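Try each task before you read its solution.

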Amino acid sequence: MSGGGAEAAVGGEVPAAGGHKKKDSLGTAGSPAHLIIKDLGEIHSRLLDHRPVIQGETRYFVKEFEEKRGLREMRVLENLKNMIHETNEHALPKCRETMHDNLNQVLQRLQTATDSVYRLQQREQERKKIYNDHLIASENHHIIQWEDFMKEQHNKQAEVDEEHRKAVERLKEQYAEMEKDLGKFSTF
């Protein structure tokens with residue numbers, strides 16, 4: 001292997017410029033070392049490189065998950081559809097009928113209550129009107145009584161003043177007479 005003979009390049013290497021060829025340290029493609037390295041690569045990939053297996057398992061899991069999820073969602077949607085259908089067919093008309101009956105009863109009761117309140121307001125207004133009329137009449141009566149009382153007081157005052165004036169005159173006359181009589185007795 002030494003010398004200037006023509007040997008095939010191992011591992012695809014090009015001979016060096018000095019005419020010497022560099023040998024591949026592993027040997028030729030069919031050599032036992034190359035086969036061992038190839039087998040070691042396969043063993044390594046099977047034992048330590050799990051990417052293909054994991055990718056397959058992942059694809060399987062995603063497929064199963066999506067199928068189960070899709071089936072579960074379909075069941076949920078089917079149940080919702082059935083509930084909506086049953087509600088529309090049975091519960092909604094029953095609720096409408098009950099609401100209509102109860103609403104009519106409520107409206108009748110409300111109308112009755114409104115009529116009662118209206119009658120009570122009318123009675124209250126009539127009572128207030130009667131009370132106000134009575135109050136006004138009573139006030140007018142008291143005003144008339146007061147005016148009569150004041151006239152009577154004025155008349156009585158005039159009578160008392162007249163009696164007083166007459167009494168004062170009588171007393172003046174009596175004192176004048178007594179003074180006269182006293183004047184007669186004082187001349188003695």
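**Exercise 1. A charged patch**

Find the residues that make up the patch of negative charge on the surface, and decide whether E173 is buried, partly exposed or exposed.

Solution. Keep in mind that you are looking at a predicted model.
- Step 1: the patch of negative charge gathers E169, E173, E177 and D181 on the surface.
- Step 2: the relative accessibility of E173 is 52%. The cut-off for exposed is over 50%, so E173 counts as exposed.

**Exercise 2. The chain as a whole**

Work out how many helices and strands the protein chain has, and what share of its residues count as buried.

Solution. 
- Step 1: go through the secondary structure, and you will find two helices and zero strands in the protein chain.
- Step 2: turn to burial, for which a residue must be under 20% relative accessible area. Of the 188 residues in the protein chain, 1% count as buried.
- Step 3: The protein chain has an accessible surface of about 17800 Å², and carbon and sulfur atoms account for 59% of that.

**Exercise 3. Salt bridges along a helix**

How many salt bridges does the structure hold? Take E124 and R127, then K156 and E152, then E162 and R165, and explain how each pair is spaced in helix α2.

Solution. 
- Step 1: the count for the structure is four salt bridges. Three of these are treated below, among them the one between E124 and R127.
- Step 2: E124 and R127 join their side chains in a salt bridge with an N to O distance of 2.6 Å. These two residues sit three residues apart in helix α2, so about one helical turn separates them. Both partners are partly exposed: E124 has 32% relative accessibility, and R127 has 48%.
- Step 3: K156 meets E152 in a salt bridge at 3.2 Å, N to O. Here the spacing in helix α2 is four residues, which means that K156 and E152 are separated by about one helical turn. With a relative accessible area of 41%, K156 is partly exposed; E152, at 40%, is partly exposed too.
- Step 4: in the salt bridge between E162 and R165, the closest N and O atoms are 2.2 Å apart. Because E162 and R165 are three residues apart in helix α2, about one helical turn lies between them. E162 is partly exposed at 31% relative accessibility, and R165 is partly exposed at 41%.

**Exercise 4. An aromatic pair**

Which residues form an aromatic pair, and is the pair stacked, tilted or edge-to-face?

Solution. 
- Step 1: searching the whole structure turns up one aromatic pair. Its members are W146 and F149, with 5.6 Å from centre to centre and 35 degrees between the planes.
- Step 2: compare the angle with the cut-offs: under 30 degrees is stacked and over 60 is edge-to-face, with the rest counted as tilted. The pair of W146 and F149 is therefore tilted.
- Step 3: check the spacing. W146 and F149 are three residues apart in helix α2, so they are separated by about one helical turn.
- Step 4: check the cover. W146 has a relative accessible area of 53% and is exposed, whereas F149 is partly exposed at 38% relative accessibility.

**Exercise 5. A nonpolar patch**

Identify the residues of the nonpolar patch on the surface, and say where L80 is found.

Solution. 
- Step 1: the nonpolar patch is formed by M74, V76, L77, L80, M83 and I84, which together have about 600 Å² of accessible area.
- Step 2: L80, one of these residues, is found in helix α2.
- Step 3: the relative accessibility of L80 is 40%, so L80 counts as partly exposed.

Technical notes:
Residues numbered from 1 in each chain as written. Predicted model: local features only at pLDDT ≥ 70, side-chain atom pairs only at ≥ 80, totals over all residues. Heavy atoms only, no water. Patch = residues over 30% accessible without salt bridge, like charges linked within 9 Å, V, L, I, M, F, W, Y side chains within 5 Å. Areas by Shrake-Rupley, 256 points an atom, 1.4 Å probe, with all protein chains shown as cover. Lys, Arg positive; Asp, Glu negative; His and termini not counted. Charge placed at Lys NZ, Arg CZ, Asp CG, Glu CD. Buried < 20%, exposed > 50% of the residue type's maximum accessible area, 1.4 Å probe, protein only. Phe/Tyr/Trp six-rings, centres within 6.5 Å; stacked < 30°, edge-to-face > 60°.
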